[in-house]
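Thanks for asking me to look this one over.

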Amino acid sequence: MWAYESVFYQIYPLGFCGAPFENDGVLEHRILKVNDWIPHIKKLGANAIYFSPVFESDTHGYNTRDYTKIDTRLGTNEDFATICDNLHKEGIKVVLDGVFNHVGRGFWAFQDVLEKKWDSPYKDWFHISFDGNSNYNDGLWYEGWEGNYDLVKLNLRNEDVIQHIFAAIKGWVEEFDIDGLRLDVAYCLDHDFLRRLRSFCDSLKPDFFLVGETLHGDYNQWMNDSMLHSVTNYELHKGLWSGHNDHNYFEIAHTMRRLQGLCHDTRLYLFSDNHDVERLPNKLRNREHIRHIAILVYTLWGIPSIYYGSEFGIEGKKEWGSDWPLRPCLELEDYKDALTTNPVTSVYAALGKLKAEEPALTWGEFKELHLTTQCYAYARVLDGEALVAVLNNGDSPAQLEFQLPVEANAAEDLLADTVGAQPVMTSFDWGRMKVQLPSNYATILRLKK
């Protein structure tokens, strides 16, 4: 599966492109802005892009009005087809947000129900009772997603609904040549629907990638040979920032052990932040640990991803319960020197290059080497070669000592050229290795004979 070897770059188009929150119906070709960012995305080593919702919606994209039409605030279908074609020409795969659990109140079939009530041929597309009323005083009750009544829950046991969704996906493949879907709130989706979706997508295009949004629990209930290829690793995400704030690498190590035992060889989708969670600078007590977390996301067992703007270390904090501050409009010109001056950008670009050049980061066996509350070391081993991640989250220099995972008597610091890099001392003796790390510092070492 191509996705296992990829680095994803996530864009939330409505925010990224500076569209108004409310759908004003005014056609603007804002999505073409992505063209200007393609060279930057490539410099980061990303070779797949995940677009949050792009289809016509009421406001934030997840309240869909029409699965077949690019949101007017972003442009036309032809605009988006151009973007996808340009990305593919640069070797970048395209994954779209599949929002199939619910639609917006402006969805055409729901509007028909509101108008015709019992006489609407679409009344069974939703979970409706004509004996009740909604908080919008519609004269009928309907199920909303987790109590959010601007998100009208679809009946995924209705064959017409399923066929409408499948026809839309087929259209996305034919019109935009997409390579996969990220399924919104996959943990809410009917399991039989997921099985049918997997079978349908397998028939559309070889290696069509399905990744689901899940939170906690047994990921195998959604991720298996008949359903999804991968799911979002929210369990590790929580440990990434709290494990640093609490100076507790045991939390991250325990999570890795549990998930590897549970999921075996399946790669989970790894992220440090996304469009739903506050960005690292607003969650970390020490922002130097952004480097540590980037290294963990790229070197642990999984599929690494970047949320646009995180490569610059930008802030993003929810305000009054709104996610909109997490989804800003960015101008690349404001960060034109970031690769050479910004330590966060520099390390992301270096990690992307390593991911592409080092098969061990994708296929290598994971071996834990050293673990304390403040220090963590592990190796990715493939064909007798090893890359070792070494991390110190403490405010004092630290020495790590561990058994070598492969035969070696030297080490090369693979992140020595990044902005803000510090010297790391290593020594070898009788099959063991010692590493002297500065305070609040992390890097990746290649073991050599």
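1. Start with lysine 336 and glutamate 333, which are both exposed; that word means over 50% relative accessible area, with buried being under 20% and partly exposed in between (1.4 Å probe, protein chains only). Their side chains meet in a salt bridge, N to O at 3.2 Å. The cut-off for a salt bridge is a side-chain nitrogen of Lys or Arg within 4 Å of a carboxyl oxygen of Asp or Glu. By that rule the count comes to 33 salt bridges.

2. A word on where this comes from: it is a predicted model, in which local features need pLDDT of at least 70 and side-chain atom pairs count only at pLDDT 80 or more, while totals for chains, interfaces and linings use all residues. Residues are numbered from 1 along each chain as its sequence is written, and side-chain values use heavy atoms, with hydrogens and water left out.

3. Next, a salt bridge inside a helix. The side chains of aspartate 112 and lysine 116 come together at 3.0 Å, N to O. Why about one helical turn between them? Because aspartate 112 and lysine 116 are four residues apart in helix H4 (residues 108-116). Helices here are DSSP runs (H or I, at least four residues), strands likewise (E, at least two), and both are numbered from the N terminus. Aspartate 112 is buried, at 13% relative accessible area, whereas lysine 116 is partly exposed at 37%.

4. Elsewhere, salt bridges that share partners join Asp97, Arg182, Asp184 and Glu213 into one network.

5. H8 has 15 residues and reaches 21 Å from its first C-alpha to its last, close to the 21 Å expected at 1.5 Å a residue; the expected span is 1.5 Å times one less than the number of residues. Its buried residues are Tyr249, Glu251, Ile252, Ala253, Thr255, Met256, Leu259 and Cys263. What covers the buried residues of H8? The cover includes helix H7 (234-245), helix H9 (289-299), S15, strand S16 (375-382) and strand S17 (385-392). Asparagine 248 caps the N-terminal end of H8, with a side-chain oxygen 3.1 Å from the backbone nitrogen of phenylalanine 250. Just after H8, histidine 264 takes a positive phi of about 60 degrees.

6. Now the aromatics. The whole structure holds 33 aromatic pairs, where rings of Phe, Tyr and Trp (its six-membered ring) pair if their centres lie within 6.5 Å; planes under 30 degrees apart count as stacked, over 60 as edge-to-face and the rest as tilted. Tryptophan 2 and phenylalanine 209 are edge-to-face, with ring centres 5.6 Å apart and planes at 65 degrees. Tryptophan 2 lies in the segment before strand S1 (8-11) and phenylalanine 209 in strand S12 (residues 209-212), 207 residues apart. Tryptophan 2 and phenylalanine 209 are buried.

7. Another edge-to-face pair is phenylalanine 80 with phenylalanine 176, at 5.1 Å centre to centre and 75 degrees between the planes. Phenylalanine 80 is in helix H3 (residues 77-89) and phenylalanine 176 in helix H5 (residues 159-176), 96 residues apart. Both phenylalanine 80 and phenylalanine 176 are buried.

8. Asparagine 23 is in the loop between helix H1 (13-16) and helix H2 (34-43). Is asparagine 23 buried or exposed? Asparagine 23 is buried, with a relative accessible area of 13%. A polar atom of its side chain lies 3.0 Å from the backbone nitrogen of glycine 25. Leaving out residues up to four places away in sequence, asparagine 23 touches Glu56, Ser57, Asp58, Arg65, Asp71 and Arg73, where contact means heavy atoms within 4.5 Å.

Conventions: A polar contact is a pair of N or O atoms within 3.5 Å; within protein, one must be able to donate a hydrogen and the other to accept it, and residues adjacent in sequence count only if both atoms are side-chain atoms.
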